[in-house]
Amino acid sequence: MPRIISLDALRGFDMFWIVGGAAILRSLLEDTENPWLRALHTQFTHVEWEGFRFYDLIFPLFLFMMGVAIPLAVNKRLARGDTKGKIYRHLFIRVAVLIVLGMMVNGNLLTYDPSRFQITYSVLQTLALGYMIAVILYLNLKLEWQIVATAGLLVLYWLLLAFVPGPGHQVGVFAPGANLGDWINDWILGDLQGRWRNGWLLASMGYGSVAMTGVFAGRILQAPWAEKRKVSTLAGLGLGCLAVAVVWSGWLAQWLPGLGLFGTSWTEWPVWFPIIKARWTSSYVLYSAGWSFLLLALFYLLIDVWRFRRWTPFFVVIGCNAIFAYMCWNLGRGVFRSAGEVFVGGLRKHLDANVYEALTWAAGFALLWLLLWYLRRNRTLIRV
């Protein structure tokens, strides 16, 4: 099967916003009074709790892309004769490495003080858990049971959070510190979990579900179908996920508050599962998966079907070493920014403060991009 360039490009597009793109745009638009530009600025910040913005898609989109790669990688390993045991060893080593890297970023590992170490919620640990669940399901279940398992994870997570209270916690309340997921985290990890107390252990069901939607997309790309059918199937799944998410989240109840059933307002139903990123609620999983399917369909259509590729090298360079780029930026963004300022510092007196700040971040990102370009030029792929 020929290499699917759109996968690297979409992975790079996603990572771009993490490793400088969002910082550049936010700095540039920080004090704008234009309502349209202000709305654009808002889209590059996380929702405080319930709701969804573009920046809330970045994290699950990367996990979705990890899922897309699972059928491609696992099938290749099986075809060359690797046993399931060997694949599992590779899987658990990769999961362990991602967790350690996550502790470097958010778990105080680099303080070298064991009393300060934390096993806390972080991007890389979430990726590790979701990836592990998806690989196990893919290796051991046929397609129809993979679908059942993914749906089961989403429904079970909803049932647990909506209808099973932890000790001293409440049923059907998703606010911080108020349900079973929070109690499980407090019980198992206590102070080891650090400042992110959002029930992320139980939310692993959501992480695995996102990765599994990527697995289904990867299966579609591998299928012996016409390219147009692949695009339409990806787009159809995306729209379907969005529709289910909108209904399950209760947004329709908010839009149509006058409608009632059995004499009660829709808004009073206990079945809604709001879109909350910090909880990775099932509606959030499906909503982000819907947009991920649509983006993959668009990138695949433009790059691999219509072959509009002149714009792709910029993102492909990032996508080929995405985890390395993430670690570089999160451990050394200050270094890259300071190095970038060496090249643009003389312009400070000529520019507006926000423009200069954006230019400084852009210069720092450019240095990281050049490093990634050098690695790709020399065919160096730093994989975890």
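Let's start with a crossing: α13 passes α14 in a right-handed fashion, meaning the near helix is turned clockwise from the far one by less than a right angle. Helices here are DSSP runs (H or I, at least four residues), numbered from the N terminus. This is a predicted model, where local features need pLDDT of at least 70 and side-chain atom pairs count only at pLDDT 80 or more, while totals for chains, interfaces and linings use all residues. Residues are numbered from 1 along each chain as its sequence is written, and side-chain values use heavy atoms, with hydrogens and water left out.

Back to that pair. Helix α13 covers residues 322–344 and helix α14 residues 353–377, and they pack at an angle of about 120° with their axes 7 Å apart. The axes are lines fitted to C-alpha atoms over the stretch in contact, and angles run from 0 to 180 degrees between N-to-C directions. α13 and α14 are therefore oblique to each other, the label for whatever is left once angles under 35 degrees (roughly parallel), over 145 (roughly antiparallel) and 65 to 115 (roughly perpendicular) are taken out.

Now look at α5 and helix α8 (residues 204–222), which pack at about 55° with their axes 7 Å apart. That makes α5 oblique to α8, and α5 passes α8 in a right-handed crossing. Among the α5 residues that meet α8 are T126, G130, I133 and L137, and on the α8 side the partners include S204, Y207, A211 and V215; contact means heavy atoms within 4.5 Å.

S122 is buried at a relative accessible area of 3%, where buried means under 20%, exposed over 50% and partly exposed in between (1.4 Å probe, protein chains only). Leaving aside residues up to four places away in sequence, S122 touches F59, G102 and N106.

Then there's α11, residues 282–305: 24 residues reaching 32 Å from first C-alpha to last, close to the 34 Å expected at 1.5 Å a residue. Of its 24 residues, 20 are buried, so α11 is largely enclosed by the rest of the structure. The largest nonpolar core has 112 residues, with F64, W280 and L296 making the most contacts inside it, and α11 gives the most to this core, with 13 residues. Such a core is a set of buried Ala, Val, Leu, Ile, Met, Phe, Trp, Tyr and Cys residues joined through side-chain atoms within 4.5 Å. Beyond residues up to four places away in sequence, L296 touches several residues, including L7, F64 and L234.

Key. Helices (H or I, at least four residues) and strands (E, at least two) are DSSP runs, numbered from the N terminus. The expected span of a helix is 1.5 Å times one less than its number of residues.
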